[in-house]
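This briefing goes with the sequence and model shown below. The points are grouped by topic.

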Amino acid sequence: MSTLLSTLITGLSLGAIYSLMAIALILVWRSTRVVNFAQAGQAVLSTYIGLEIHRMTGSYWLAIVLSIIFGGVLGGLIDLALVRPLLRRAGSGPEAAVAPVIATLGLLAVLQGVVGMFWGGELIKFPSAFSTAGLSIGGSKIPFSAFDLFTVGASLAVMLAFSFIFQRTGLGLSMRAAAFSPEVAQLAGVRTGRVRTIGWSFAGAAGGLAGVLITPTTFLAPNSLDLLLVFGFTAAVVGGLESMIGGALGGLALGFGLALVLQYAGSSYTFMTAFVVLLAVLLLRPQGLIGKRGGRRV
Amino acid sequence: MTSPILALEGVNVTFGGLRALSDVHLEVFPGQVVGLIGPNGAGKTTLFNVMSGFVTPESGSMAWEGELIRFPKPDQLIKRGMARTLQGVGLFSDLTCVENVMVALTHKSRTGMLSAIFGTYDRDEAKLRIRAMEALEFCGAADLANSKPSDLAFPLLKRVSLARALVAEPKLLLLDEPAGGLGAEDLRWLAEIIKSLSCAVLLVEHHMDLVMSVSEKIYVLDFGQVIASGAPEQVRQDPGVIAAYLGAAALGGNNAAH
C-alpha cells in the first residue's frame, strides 16, 4: 500500500472526531452566538463519567451511551444555569462580546479542576470495545483498525441523525429559524429559549461522543481534549461556523491535512499547522472555505 | 352585543423620558378590519410591539375575547390566536418559502427531543408541509414553495410572510405596513385578500386608499395619543386629523401620510 493512501486512511478516523467537535461548537454558536471554549471541559468530564461507568459495570457500551447522555444533560444545564442568565445580564453593551468568551473559558478551567479533584491528574488509558490494531486486507496490514471503523461509523450515524432532525422535523425547523432570527422566530411561536437549550444539549452529546472516541488511541487527563478543541475550532472555522455540513467537511479536511503533516513533516508541526490554518482562514476567508459570504446576520 | 376580541385600555409607554404612547385605547371586534394610521413616529409600531410583547408598557390593560390577560410574550402570540407580520418581510433567508411558513406551525408539533430522534416527527412534518402549502396557495405563492427568499422579488416575499401569519389560523391578524413596496396590481390583490379574511385585522398602514377602502373603523394616532376614531368617512373629515396630517396634502391621496 502506498504511503500516501495509508496516511489518508489514518486521517479519516481522526477527521471524523474533529467533525463531531466542530459540529458541537457550531450547534452552540448557531443557537446562542457563543463560542464555547468549555466544550473541551464538558467532553472530558463526560468521558471520565464513561470511564467510571466502565470501571463499575465493565460494560463499554453502557459507558459510551451514558457518556453521551451525560454530555447532553450537562450541555443543557450549562445553558440554563450559566449562559442564559449571563446573556440576560450582559447580553448587550460593550461587555456583550467578551462576557461569554471569558465565561466559557472560566467554565473550562472549573470543569478541568473538578475532573482533577475527583480523578487526579495522571494519564489514564480509556478502554475500547474493538481492537486498535490495524486490520489486514488480503494479507497486507492497513493503518485502520476495527476501532477506527467504529469511530467513523458512530460519527457518521450522529451526523446523519442531526441532519435528519434539522432537515426533516419541526424541532429542527424551529432550531434553524431561531438561529437565524430569534425575534421573528418568537413571533412565529417558537419558544427560542427551549430550542437553544436543546442546541446546547445536542452539542454536549456530540462532544461527549468525540471524547470517548478519541481517548482510546491517546490517553485521558483533565486537559487531554484541549487539542481536540483547537482542531474542532479550526474545522468549524474552515467550514464557515454556520453550516453543520461545512463543519463535518472541515473536520475531515483537517484530519487528512494533519495526517499528511504528521507523515511528511513530523508530529511537532501538527499543532502549529492547525493554528496556521485557523488564522489563515480567519484572515483570508472569514466566511469559511465552504460558507457563503454575507449570507447571514450575526 | 358581542365583546371585542381585543380591547386595550390606558396603555402608556415611555422610552427614556420620552412618552411614546399616552393613555391609548383601542377595540377590535371579531371579523372586523380596523385601520391604525398616523404620521411617522406617532407610535403605531410601538403599539404593535406592546401587543406582541417586545415592549412592556408602564401601565395599561389588555382584554382578549372579553377576558383581562397579561400582555403576551412574543412566542405566546400565536397560541393566543394572534399573528403579526413585520414591516419589511422578516423571512428566514436560509429556509425555503414553504419552510418559512411551516415554522409558524412548529409550536403545535410535539417538540420533544426523543420523538425527534425516533422519527415520529416525520409524519408530523408532512402534515405541517401540507398546511403550509395551503396557506401559500391562498396567498398566491404556491409556486414559490421551494425557492429561497433571497431569490425572490419584494412583493412575492410579502405574500410569503402573509402566508406565514395566516397559516396558524389567527383570530386577529396584526399587519404592519403590508402595502409598503407594493405596486398597483399587488395593492389590489392585498385589498381583496384583506376583505376576504374571516379573522379580525388590525392594519397599520400609510397607504390611505388601502386603509380607507378595507377598514370598517380607523384609529388615528398622533404623538402617542388617539386623536380620532370612527368610520373612514368620519375620520377623513375630522379637523384634528387633518391638522395632524397638514403639510402632507389632504387625506385620500396616495401615501398622504408621508
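**Strands, domains and contacts**

In β10(B), B:Gly230 is the bridge partner of B:Ile218. That pair belongs to a predicted model.

**The β9-β10 hairpin of chain B**

- Strand β9 of chain B (residues 217-222) and strand β10 of chain B (residues 225-230) run antiparallel and are joined by five bridges.
- Two residues lie between the strands of this hairpin of β9(B) and β10(B), and B:Phe223 takes a positive phi near 45 degrees there.

**The four-stranded sheet of chain B**

- An open sheet is formed by four strands of chain B in the order β2-β1-β4-β5, with antiparallel pairing.
- Its edge strands are β2 (18-28) and β5 (67-69) of chain B, each of which pairs on one side only.
- From one strand to the next, the twist averages 30 degrees.
- Seven bridges connect strand β1 (residues 6-15) of chain B with β2(B) in the antiparallel sense.
- B:Leu26 in β2(B) is the residue that B:Leu8 stands opposite.
- Helix α1 of chain B (residues 44-51) lies across β1 and β2 of chain B, and runs at about 70 degrees to β2(B).
- In general, the strands of a sheet pair through backbone hydrogen bonds, either parallel or antiparallel.

**Chain B as a whole**

- Chain B contains 10 helices and 10 strands.
- Of the 258 residues in chain B, 43% are buried.
- Among contacts in chain B between residues at least 6 apart in sequence, 66% join residues at least 24 apart.

**Domains of chain B**

- The domain assignment divides chain B into domain 1 (1-81 + 170-258) and domain 2 (91-169).
- Between them, 10 residues of domain 1 of chain B are in contact with 10 residues of domain 2 of chain B.
- On the side of domain 1 of chain B that touches domain 2 of chain B, α2 and α7 (184-196) of chain B each supply at least two residues.
- That side of domain 1 of chain B has six nonpolar, two polar and two charged residues.

**Contact between chains A and B**

- Chain B brings 30 residues to the contact and chain A brings 23 residues.
- On the side of chain B that touches chain A, the elements giving two or more residues are α2 (77-80), α3 (97-103), α4 (113-117) and α5 (121-138) of chain B.
- Of these, α5(B) gives the most, with five residues.
- By class, the residues on the side of chain B that touches chain A are 15 nonpolar, six polar and nine charged.

**Helix α9 of chain A**

- Helix α9 of chain A (residues 226-238) has 13 residues and should span 18 Å at 1.5 Å a residue; its end C-alpha atoms are 18 Å apart, so the two values agree.
- α9(A) is mostly covered, with 10 of its 13 residues buried.
- Among the buried residues of α9(A) are A:Leu228, A:Leu229, A:Phe231, A:Phe233 and A:Val237.
- The cover over the buried residues of α9(A) includes α1 (3-32), α2 (39-57), α8 (192-214), α10 (244-264) and α11 (270-284) of chain A.

Notes: Residues are numbered from 1 along each chain as its sequence is written. Chains are lettered from A and ligands numbered from 1 in the order in which they are written. This is a predicted model: local features need pLDDT of at least 70, side-chain atom pairs count only at pLDDT 80 or more; totals for chains, interfaces and linings use all residues. Two residues are in contact if their C-beta atoms, placed from the backbone, lie within 7 Å. Ala, Val, Leu, Ile, Met, Phe, Trp, Tyr, Cys and Pro count as nonpolar, Asp, Glu, Lys and Arg as charged, and the others, Gly among them, as polar. Two strands pair if DSSP finds at least two bridges between them. Domain bounds come from an automatic or database domain assignment. Axes are lines fitted to C-alpha atoms, for helices over the stretch in contact, and angles run from 0 to 180 degrees between N-to-C directions. The expected span of a helix is 1.5 Å times one less than its number of residues. A residue is buried if 20 or more other C-beta atoms lie within 10 Å of its own, exposed if 12 or fewer, and partly exposed in between; C-beta atoms are placed from the backbone.
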